[in-house]
Structure formats: C-alpha cells, structure tokens
Amino acid sequence: FSLIIVGGILLSLLLARSGPLMGAFGALAILLLAICGNYLLLFKNGSIVGLTYPLLTIILIWLLVTLVNYFLVERQRQFVQGAFGHYLAPQVVEQLLQNPQQLSLAGQEKQLTVMFCDIRNFTSISETMDSVALADFMNRYLTVMSRLIMDGRGMIDKFIGDAVMALWGAPLDDEQHALQAVKSALLMQARTTQLQDYFLLVGLPEINIGIGINSGPMRVGNFGSEQLFDYTVIGDQVNLASRLEGLCKVYGTKILISAATREQLQGQILCRPIDLVRVKGKQQPVEIFEPLQTAVTNDPELVQWQQMIKDYRLRNFAAAKKDLIALNSKSPQPLYQLYLQRVEQFLLEPPPADWDGCFSHQSK
C-alpha cells in the first residue's frame, strides 16, 4: 500500500511537470524500481510480496494523468490558436504553442511598439462604391496590409473601419519590435503604391495611407468586460501613435514615428526630422521623424533640409526661408510649403522669446 502511494505521488508530479515522452520513461523507471526493490529488499530476504496490484495501480495512474494532461494541453493549444491564429503569422503562433509559458494574458506593462494605419479620404472613396464593391475593396486592401504586418512579426490588434491597429513585442517578446514595425510600415507604403495601379486598372479609386508609430511602456493583456474582452494594448503611448497617424495629413507624409521609436532603430533606417510638436492631450513636446526608403545619408536634398530645420529652431528664419524656396523649387512637397508659410509668418511676427521651436497641435 505504501508503495502504491509513493509511486503514485512521484508519477503524478513527474507527469505534471513533463511531456508525455518523459512521463512514459518516468513511469517505466518507477516500475523497474519497484520490481528491483521488491527483489533486493524482500524476495532475497525470504519474503514474498505480490506486485501485481501495485504495478497495475501505477500503470492506471499513469494512463489517467497522461489523458488528463493531454486534454488540458490540447485545450490550451486550441485556445492559443483561436485567440491568435487570425492576428499573428503561423510561425509565431507555432512558437506560442511550443512555449505557452511565454504567453501572459493578464495585464502587464511592457516596452512595445504600436502602429495605426489609415486610408486617406476614405469617406469620399466609400461614397463612390456600392456596398459589395466597397467590401471587396476593403478585403483586398486589409488582406495585403495584414500579411505584411504579420510577416514582420507584428500582431493585428484590431480593424477600426478602414484603419488597422497593430503592435510589436507581444504576445512574444521581440527586442527589435521598433525596427520590425518601421520596416513593415515602409513595406506597406511601397505595397500601397503598387496596389494603386491595380485598383485603377479594375476601376477602383486611388488610395493613400498614413501611418503613425510610437514605442514605449504600454499595458498589454485581456481588457474589456467579464463577458467580452480582447487581447489588446492601452496607455498614453498608444494614444500618441494614433495622434501621429493623424498628423501625417498635416505634414503631407506617409509615415511618422516618434523620437522614442527612432532611437530604437539604432541607425538602421534613415529618418529625416519633421517637427517638434505638442499633440492633443500631451504637454511635453515630442520630436517626430519620417523614415525614408533611401539609405543615402549625404543626399543633397536631405542635407539641405536638415540645415533648414537647424536654422528654423535657432530662429534664423531668413536662412530657413532661403533653403525652403530652393527645396520646394526642386521637389515641391506639402511639407516644404507648410514650413514656408510658418517662416514667412515668423518673419512678419517673430515668435515669443521663450519659443522652443515646438508647434502645438492641441486641436488635432
């Protein structure tokens, strides 16, 4: 009886902390130990104890615990696949299945990168199509964007109408979450340009997108009501990413990233400075950048732009205007025209003495 109890306890602990294969070897080892112990300690000393029932009991315990573990593991696999199968790339889901201990559904604070991507003038676009054509248009577009995000180890957080919210660094840790997010954004921008030719060919409207990206501490986990909840991310840094997406329209850019995201790129992607802004809901100024497809650091246009930004923030508006006129004549851009309006206004009416070069977008 004592042998059954000890063997059952040891086997249950082993099966609870190991896989099926290790559990089978453990059960075999316990059986052999019981037989050898019976022979050496009892049989050789003239005592005969029947092992049939103890051994059958141990085997039965092994079968029952193994079956219970199997159903629990299978249930966990089904949960992970159901929860993340449509939002993560298959290879990332497989990593979660192989290492479920890496998954934490309880809210926790982590360093993450979040992206918001939105179609420009979507209301006007939707008015030109009936519901069937609009649904087909959106499905094609969102399928392509989602695939690029998931291929870049990102997770689709949610679709908000025509907008996509995605995050990097959860549920699996990724030290390069910012780099992966910006690379994905550049691919999304390039793929959208390719999609425009196809959409025009089949009679669909031309599309342009705006993308905002920010990195920082965020709260990730299951959030919602007791009846309905989602695995998502919340926090002030998430709101900033959403604001940056909206500012793409102001500056005429495709992608805007925060200084926090740029710092984590470690120079692997070339970025040009755009502005120092104070967005709605934040008092501290944030420097924003545009990641570039090119990697030419000494490009004459980029060098001249960087000098203009330096003069602008040093209140040298006459020199900044000269550079802007030259830049806009070579390559007209809404960004150059926006700054031209600013410096011309500042030349007429200089900013306050405590002006720090920051532009407020509190109403945006």
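Close-up 1. In helix H11, the residues Phe317, Ala320, Asp323, Leu324, Leu327 and Asn328 are buried, where buried denotes under 20% relative accessible area, exposed over 50% and partly exposed the range in between, computed with a 1.4 Å probe on protein chains only. Viewed down the axis of H11, these buried residues fall within an arc of 130°, so they line one face of the helix; the arc is taken from the directions that run from the helix axis to the C-beta atoms. Ala318, Lys322, Ser329 and Lys330, on the other side of H11, are exposed. The cover over the buried residues of H11 includes H10 and H12, contact being defined as heavy atoms within 4.5 Å. H11 comprises residues 317-330, 14 residues in number, and reaches 20 Å from its first C-alpha to its last, close to the 20 Å expected at 1.5 Å a residue; the expected span is 1.5 Å times one less than the number of residues. Helices (H or I, at least four residues) and strands (E, at least two) are DSSP runs numbered from the N terminus.

The model is predicted, with local features requiring pLDDT of at least 70 and side-chain atom pairs counted only at pLDDT 80 or more, whereas totals for chains, interfaces and linings use all residues. Residues are numbered from 1 along each chain as its sequence is written, and side-chain values use heavy atoms, with hydrogens and water left out.

Close-up 2. Tyr312 and Tyr339 form an edge-to-face pair, at 5.0 Å centre to centre and 80° between the planes. Tyr312 lies in helix H10 and Tyr339 in helix H12, so the pair ties together parts that are 27 residues apart in sequence. Tyr312 is buried with a relative accessible area of 1%, and Tyr339 is buried with 0%. Trp305, Tyr312, Phe317, Tyr336, Tyr339, Phe346 and Trp355 form one aromatic cluster.

**Close-up 3. Arginine charges over aromatic rings.** The charged end of Arg272 sits over the ring of Trp305, 5.7 Å from its centre, under the criterion that NZ of Lys or CZ of Arg is within 6 Å of the ring centre and within 35 degrees of the ring normal. Arg262 lies over the face of Phe289, at 4.4 Å from the ring centre.

**Close-up 4. Salt bridges across the chain.** The structure holds ten salt bridges, each a side-chain nitrogen of Lys or Arg within 4 Å of a carboxyl oxygen of Asp or Glu. Among them, Arg120 and Glu245 meet through their side chains at 3.0 Å, N to O. Arg120 lies in the loop between strand S1 (108-119) and helix H5 (122-127) and Glu245 in helix H8 (residues 236-251), so the pair ties together parts that are 125 residues apart in sequence. Arg120 and Glu245 are buried. Glu287 forms a salt bridge with Arg313, with the closest N and O atoms 2.9 Å apart.

Terms used:
Phe/Tyr/Trp six-rings, centres within 6.5 Å; stacked < 30°, edge-to-face > 60°.
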